[in-house]
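Here is a friendly walk through one protein model, sheet and helices included. Have the coordinates open and follow along.

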Amino acid sequence: MPDHSSLADENLLRNQLLRTSVELVEKGLNRGASGNCSVRLGSGKYLITPSGTSAEKMSSGSMVKMALTGEVVADGKPSSEWRFHRDIFRHRPDVAAIVHTHSTAATALACLRRDLPPFHYMIASAGGDSIRCAPYALFGSQALSNAALVALQDRKACLLANHGVIALGSSLDSALALAVEVENLCEQYLRALAVGEPAILSSDEMAAVIEQFKDYGPQALAREADQ
């Protein structure tokens, strides 16, 4: 994974984090000051969006630099959810970016406290044959972070009960693309449930999809989300 430790790299990532925050609102995944996102820096640090600030009021300088030990490195108040961002970066070296949304369909399903089963093959875009729903815990708490880590084991996305969704990526673009895909899947699943119980793909069928996805890649998913 690249070491984004230079000032030029940091400024680039600050701008990307701002752009992602704006796109989350433009795509309808977040509203007002809801949700947050972050990106890994080199030398055990990361950038995270500020607390209680809508995307339209953010600037690249608003992004808060934090250490993976939990301390704020530069001025600013980080999102109240900084704990699960920190813990995901600490425990998942494969992750370079995190997007957290309160998008409508994903949050509705999370309020039902239901996992998203393999009713559609694109469930595999999150890395497995389901998207788990983590048990409820108070926002911003260590308990929420612990629950999210369990739900994200061998996965790139999870729901948070009565809360929202977390999507992980190797870049902000891929994390955003996955958040878009999860929202789309949750909407499809809820619509199917309104008619009846959707058919569920078997373990063998999903294993074949997951194998196929090894050649699909985050770049293709990102392109699909922009269409």
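Helix α4 (residues 142–151) lies across β5, β6 and β7, and runs at about 140° to β6. Axes here are lines fitted to C-alpha atoms, for helices over the stretch in contact, with angles from 0 to 180 degrees between N-to-C directions. Contact means heavy atoms within 4.5 Å. Helices (H or I, at least four residues) and strands (E, at least two) are DSSP runs, numbered from the N terminus.

This is a predicted model, in which local features need pLDDT of at least 70 and side-chain atom pairs count only at pLDDT 80 or more, while totals for chains, interfaces and linings use all residues. Residues are numbered from 1 along each chain as its sequence is written, and side-chain values use heavy atoms, with hydrogens and water left out.

## The sheet

In what order do the seven strands of the open sheet run? The order is β3-β2-β1-β4-β7-β6-β5, and the pairing is mixed. Two strands pair if DSSP finds at least two bridges between them. At the edges are β3 (64–67) and β5, each of which pairs on one side only.

## Strand β1 and its partners

Strand β1 (residues 36–41) pairs with β2 (residues 45–48) in the antiparallel sense over four bridges. It also pairs with β4, again in the antiparallel sense and over four bridges. Ser-38 takes part on both sides: its bridge partner in β2 is Ile-48, and in β4 it stands opposite Ile-98. Val-39 has Leu-47 as its bridge partner in β2. The hairpin of β1 and β2 has three residues between the strands, and there Ser-43 takes a positive phi near 60°.

Are the residues of β1 buried or exposed? Six of the six are buried, so β1 is largely enclosed by the rest of the structure. Buried means under 20% relative accessible area, exposed over 50%, and partly exposed in between (1.4 Å probe, protein chains only). Asn-36, Ser-38 and Arg-40 point one way from the strand, while Cys-37, Val-39 and Leu-41 point the other way.

Asp-154, in the loop between α4 and β6, has a positive phi of about 60° although it is not a glycine; at 65% relative accessibility it counts as exposed. Asn-162 sits in the loop between β6 and β7 and has a positive phi of about 55°, also without being a glycine. With 34% relative accessibility, Asn-162 counts as partly exposed.

Two packed helices are described by the angle between their axes and the distance between the axes. For helix α1 (residues 7–26) and α5, the axes come within 10 Å and cross at roughly 15°. That makes α1 roughly parallel to α5 (angles under 35 degrees count as roughly parallel, over 145 as roughly antiparallel, 65 to 115 as roughly perpendicular and the rest as oblique). The contact is made by Gln-16, Leu-17, Arg-19, Thr-20, Glu-23 and Leu-24 of α1 with Leu-172, Asp-173 and Leu-176 of α5.

Helix α3 (residues 104–111) has Ala-105, Ala-106, Thr-107, Leu-109 and Ala-110 as its buried residues. What covers them includes β5 (133–134), β6 (157–160), β7 (164–169) and α5 (172–195). After α3 comes Arg-113, with a positive phi near 55°.

## A buried loop residue

Finally, visit Ser-54, which lies in the loop between β2 and β3. Ser-54 counts as buried, at 15% relative accessibility. Leaving aside neighbours within four places in sequence, Ser-54 is in contact with Gly-32 and Ala-33.
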